[in-house]
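Here is a short briefing on one protein chain. Look over the fold before reading the points that follow.

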Amino acid sequence: MPKILIVEDEKNLAAAYQTILEKHGYKVELAYNGQQALDAVAKDMPNLILLDMKMPKMGGLDFLRELDKLSIDSSEHVIVFSNQDAGSDIEEAFRLGANRYLLKSWASPGDLAKVVQEALS
């Protein structure tokens with residue numbers, strides 16, 4: 001069963017994503033900021049990370065920078081999932097190892113499950 005780490009500071013939203021993905025057969029772990037996500041990755045690298053950009057303590061770009069410092073190959077493992085549509089942040093996220101960038105406002109629950117399935121296949 002593929003393991004997905006959802007890094008999202010809005011707890012209700014994180015729980016909704018978790019419910020959707022668990023219904024599709026994925027094991028889901030939650031982290032509410034980049035530091036919690038780093039701790040989770042250090043214990044056990046998930047098959048996929050859904051990463052919000054704006055979070056307290058450590059945002060998405062800082063998380064990707066720290067992941068890179070740990071020499072953890074995140075290619076094919078990180079989907080940035082954000083409300084932010086800033087071109088420079090998107091470019092930086094890709095440079096740091098994200099392989100997809102989705103706007104939350106675009107994705108429905110069914111879309112999320114489909115994107116995750118595509119990323120893991």
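What percentage of the 121 residues in the protein chain is buried? Buried residues make up 47% of them. The model is a predicted one. Its protein chain holds 5 helices and 5 strands.

**Overall fold**
- Starting at the N terminus, the elements follow the order β-α-β-α-β-α-β-α-β-α.
- The protein chain has a radius of gyration of 13 Å, close to the 14 Å from the globule rule for 121 residues, so it is as compact as a globular protein of that length.
- Along the principal axes, the C-alpha atoms fill a box of roughly 35 × 30 × 25 Å.
- Take the contacts between residues at least 6 apart in sequence: 61% of these join residues at least 24 apart.
- The protein chain has an accessible surface of about 6,300 Å². Carbon and sulfur atoms account for 47% of that surface.

- Strand 2 (residues 27–31) runs parallel to strand 1, joined to it by 5 bridges.
- Strand 3 (residues 48–51) also pairs with strand 1 in the parallel sense, over 4 bridges.
- Ile-6 has a counterpart in each of these strands: Leu-30 stands opposite in strand 2, and Leu-50 is the bridge partner in strand 3.

**Helix 4**
- Which residues of helix 4 (residues 87–95) are buried? They are Asp-89, Ile-90, Glu-92 and Ala-93.
- Viewed down the axis of helix 4, these buried residues fall within an arc of 165°, so they line one face of the helix.
- On the other side of helix 4, the exposed residues are Ser-88, Glu-91 and Arg-95.
- The cover over the buried residues of helix 4 includes helix 3 (60–69), strand 4 (78–82) and strand 5 (100–103).
- Gly-97 follows helix 4 and has a positive phi, near 120°.

Key:
Residues numbered from 1 in each chain as written. Predicted model: local features only at pLDDT ≥ 70, side-chain atom pairs only at ≥ 80, totals over all residues. Heavy atoms only, no water. Pairing = 2+ DSSP bridges. Helix = DSSP H or I, 4+ residues; strand = E, 2+ residues; numbered from the N terminus. Rg over C-alpha atoms; globule rule 2.2 N^0.38 Å. Buried < 20%, exposed > 50% of the residue type's maximum accessible area, 1.4 Å probe, protein only. Contact = heavy atoms within 4.5 Å. Areas by Shrake-Rupley, 256 points an atom, 1.4 Å probe, with all protein chains shown as cover. Arc of directions from axis to C-beta.
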